[in-house]
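Please keep the sequence and the model in view while reading.

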Amino acid sequence: MAKAMMLPVLLSFLLLPFSSMALTQDFCVADLSCSDTPAGYPCKASVGAGDFSYHGLAAAGNTSNIIKAAVTPAFVGQFPGVNGLGISAARLDIAVGGVVPFHTHPAASELLFVTQGTVAAGFISSSSNTVFTKTLYAGDIMVFPQGLLHYQYNAGQSTAVALVAFSGPNPGLQITDYALFANNLPSAIVEKVTFLDDAQVKKLKSVLGGSG
């Protein structure tokens, strides 16, 4: 009986510091001179209005690359004001024929809002490998649950632009193609775990800058 009564008391003491911080601290602008931690960056001592605004998404990203697409982030590293707030943003520019290959954001869900052009997008569930796809037009939004493989590509005849919101200040980004073929993992291992033949693996490594 005594042990059962101690549990809620213990939990109350464990939660007290977090609830107290939430009640007494309005924000914690990141001090980027310090290291990031699982709890976020430490707070900067002196802040101003400029810490809570960011102009970095105003300009189009450079789509002169192999995927003909650009992601311009406004994560905590670029926009310190989002530190600890559970949000961040990005701009997505996709030229005609461009694609953002399968990728994941391990630390956040994504909400994509198309502002210009046509974007085909989809994600795959982890439990049943069910595919959810949609063609999006200006004014449409689509959500991509945290950690799930998803993609976007330009399905129109003009440049597509989208604004993206994330449910974390540093959502992370891992593009599957680059993870597999832009590294020094020996080709023989890549072939074994992907069921691709040697020529295809070496071709992709060559295109994406991998070795081995």
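Val47 is partly exposed, with a relative accessible area of 34%, where partly exposed is the class between buried (under 20% relative accessible area) and exposed (over 50%), computed with a 1.4 Å probe on protein chains only. Val47 sits in the loop that runs between helix H1 (2-24) and strand E1 (69-74); helices (H or I, at least four residues) and strands (E, at least two) are DSSP runs, numbered from the N terminus. Together with Phe27, Phe52, Leu85 and Ile87, Val47 makes a nonpolar surface patch of about 410 Å². Such patches are made of residues with over 30% relative accessible area and no salt bridge, with like charges joined within 9 Å and nonpolar side chains (Val, Leu, Ile, Met, Phe, Trp, Tyr) within 5 Å.

The model is predicted, so that local features need pLDDT of at least 70 and side-chain atom pairs count only at pLDDT 80 or more, while totals for chains, interfaces and linings use all residues. Residues are numbered from 1 along each chain as its sequence is written, and side-chain values use heavy atoms, with hydrogens and water left out.

**The chain as a whole**

The protein chain holds 4 helices and 10 strands, and along the sequence these follow the pattern α-β-β-β-β-β-β-β-β-β-β-α-α-α. Of the 212 residues in the protein chain, 32% are buried. The accessible surface comes to about 12,400 Å², and 63% of that surface belongs to carbon and sulfur atoms; these areas come from the Shrake-Rupley method with a 1.4 Å probe, and for residues only the protein chains shown count as cover. Among contacts in the protein chain with a separation of 6 or more, 66% are between residues 24 or more positions apart, a contact being heavy atoms within 4.5 Å.

Is Ser88 buried or exposed? Ser88 is buried, with a relative accessible area of 6%, and its place is in strand E2 (residues 88-94). The side chain of Ser88 reaches the backbone oxygen of Gly168 at 2.6 Å, which falls under the rule for a polar contact (a pair of N or O atoms within 3.5 Å, where within protein one must be able to donate a hydrogen and the other to accept it, and residues adjacent in sequence count only if both atoms are side-chain atoms). Leaving aside neighbours within four places in sequence, Ser88 is in contact with Ala74, Phe75, Val164, Ala165, Phe166, Gly168, Pro169 and Pro171.

Gly172 lies in the loop between strand E9 (160-166) and strand E10 (174-175) and is partly exposed, at 24% relative accessible area. Although Gly172 and Thr104 are 68 residues apart along the chain, their C-alpha atoms are separated by 7.9 Å. With neighbours within four places in sequence left aside, Gly172 is in contact with Thr104, His105 and Pro106.

**An aromatic cluster**

A search of the whole structure finds 7 aromatic pairs, where rings of Phe, Tyr and Trp (its six-membered ring) pair if their centres lie within 6.5 Å, and planes under 30 degrees apart count as stacked, over 60 as edge-to-face and the rest as tilted. The rings of Phe102 and Tyr151 have centres 5.4 Å apart and planes at 80°, so this pair is edge-to-face. Because Phe102 lies in strand E3 (residues 99-104) and Tyr151 in strand E8 (residues 150-154), the pair ties together parts that are 49 residues apart in sequence. Tyr151 counts as buried at 15% relative accessibility, whereas Phe102 is partly exposed at 34%. Tyr151 is also paired with Tyr153, their ring centres being 6.1 Å apart and their planes at 10°, so that pair is stacked. Phe102, Tyr151 and Tyr153 form one aromatic cluster.

**Salt bridges**

The count comes to 3 salt bridges, each being a side-chain nitrogen of Lys or Arg within 4 Å of a carboxyl oxygen of Asp or Glu.

| Asp51 | Lys44 | 2.8 Å |

Asp51 is buried, with a relative accessible area of 14%, while Lys44 is partly exposed at 31%. Both Asp93 and Arg91 are buried. Asp198 and Lys202 are separated by about one helical turn, because they are 4 residues apart in helix H4 (residues 198-208). Asp198 is partly exposed at 34% relative accessible area, and Lys202 is partly exposed at 46%.
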